[in-house]
Amino acid sequence: DSAAPAALGAVCRAGGSLLLTLTPQHPAYDNGRTVNSDAGITAFARYAGELGARYGTCLAGIEIGNEINDSRNLNYPAGLNWQPRYVILVRAVRRELRRRGSNAAAVGGSTNVIGTGFLDSLFAAGLLNAADAIAVHPYRSDAENVDFEIAHLQAVMRRRGKVLPIWATEFSDNYATDTLAAEQLVRMVTLLSAAGVARSYWYALIDQRWFRNMGLYAANGSEKPAARAY
């Protein structure tokens with residue numbers, strides 16, 4: 001499909017910045033499950049490295065997996081001690097990005113909400129020495145207390161010996177009104193920034209039929225209150 005590369009290239013030419021979320025699965029490896037063999041991990045890392053070389057300084061980071069605290073999104077074989085394999089995958093992506101001359105961050109973790117307990121199992125397996133940043137998706141209807149949750153995640157990392165930058169790579173909610181979405185966006189960004197979150201990405205850019213009040217822009221391209229707040 002040539003549409004996606006063309007759209008991403010247009011963002012780069014316009015001076016934008018890309019964060020790509022990649023699902024580490026392919027039918028050619030590991031029976032289509034989350035890659036866990038050496039061959040599958042190597043192939044996925046090479047793919048990520050190719051993207052790093054293609055998009056250059058426009059690529060801010062690659063998020064390795066999407067909301068992996070949902071078992072539907074992390075499809076390892078039953079009985080596998082998966083945490084070490086995921087850490088090996090993240091390390092392989094970072095190594096390949098650097099080999100291809102890319103400074104894009106290898107972003108690990110990727111939890112729906114701030115899944116500190118889930119992430120700590122990965123920290124114990126060595127993720128803090130494999131990734132450049134940790135991704136969370138702090139979806140919520142009210143921004144209150146998100147800064148306390150971020151502080152707790154940082155404290156857990158500190159106990160594990162290393163505090164990585166935290167990226168809020170998705171946040172928002174399907175608010176009742178456009179105005180409420182704009183108000184909560186400002187509150188969330190304020191609290192995330194005060195808590196030291198390195199990057200924050202609102203979801204979504206454009207309204208979707210499932211989520212009518214989450215876009216910065218309507219389907220026709222018109223600006224919504226959240227876009228002005230952003």
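## Exercises on a predicted model

Asp142 touches Gln184 and Arg187, leaving out residues up to four places away in sequence; contact means heavy atoms within 4.5 Å. The model is predicted: local features need pLDDT of at least 70, side-chain atom pairs count only at pLDDT 80 or more, and totals for chains, interfaces and linings use all residues. Residues are numbered from 1 along each chain as its sequence is written, and side-chain values use heavy atoms, with hydrogens and water left out.

### Exercise 1: Asp142

Solution: 
- Step 1. Helices (H or I, at least four residues) and strands (E, at least two) are DSSP runs, numbered from the N terminus.
- Step 2. Recall the classes: buried means under 20% relative accessible area, exposed over 50%, partly exposed in between (1.4 Å probe, protein chains only).
- Step 3. Look across the sequence. Asp142 and Leu185 are 43 residues apart in sequence, yet 9.5 Å apart in space, C-alpha to C-alpha.

### Exercise 2: Thr116

Task: Is Thr116 buried or exposed?

Solution: 
- Step 1. Find Thr116 in helix 4 (residues 116-124).
- Step 2. Thr116 has 10% relative accessibility, so Thr116 counts as buried.
- Step 3. List its contacts, setting aside neighbours within four places in sequence: Glu149, His152, Leu153 and Val156.

### Exercise 3: The cores

Task: Which residues have the most contacts inside the largest nonpolar core?

Solution: 
- Step 1. Define the set. A nonpolar core is a set of buried Ala, Val, Leu, Ile, Met, Phe, Trp, Tyr and Cys residues joined through side-chain atoms within 4.5 Å.
- Step 2. The largest one has 58 residues, and Ile64, Tyr86, Phe123 and Leu127 have the most contacts inside it.
- Step 3. Helix 3 (residues 82-99) gives the most to this core: 8 residues.
- Step 4. Another core lies apart from it, with 8 residues, including Leu19 and Trp167.
- Step 5. Zoom in on Phe123. Beyond its neighbours within four places in sequence, Phe123 is in contact with Leu128, Ile134, Leu153, Val156, Met157 and Arg160.

### Exercise 4: The whole fold

Task: How many helices and strands does the protein have?

Solution: 
- Step 1. The count is 7 helices and 6 strands.
- Step 2. Read the order from the N terminus: α-β-α-β-α-β-α-β-α-β-α-β-α.
- Step 3. Check burial: buried residues make up 47% of the 230 residues.
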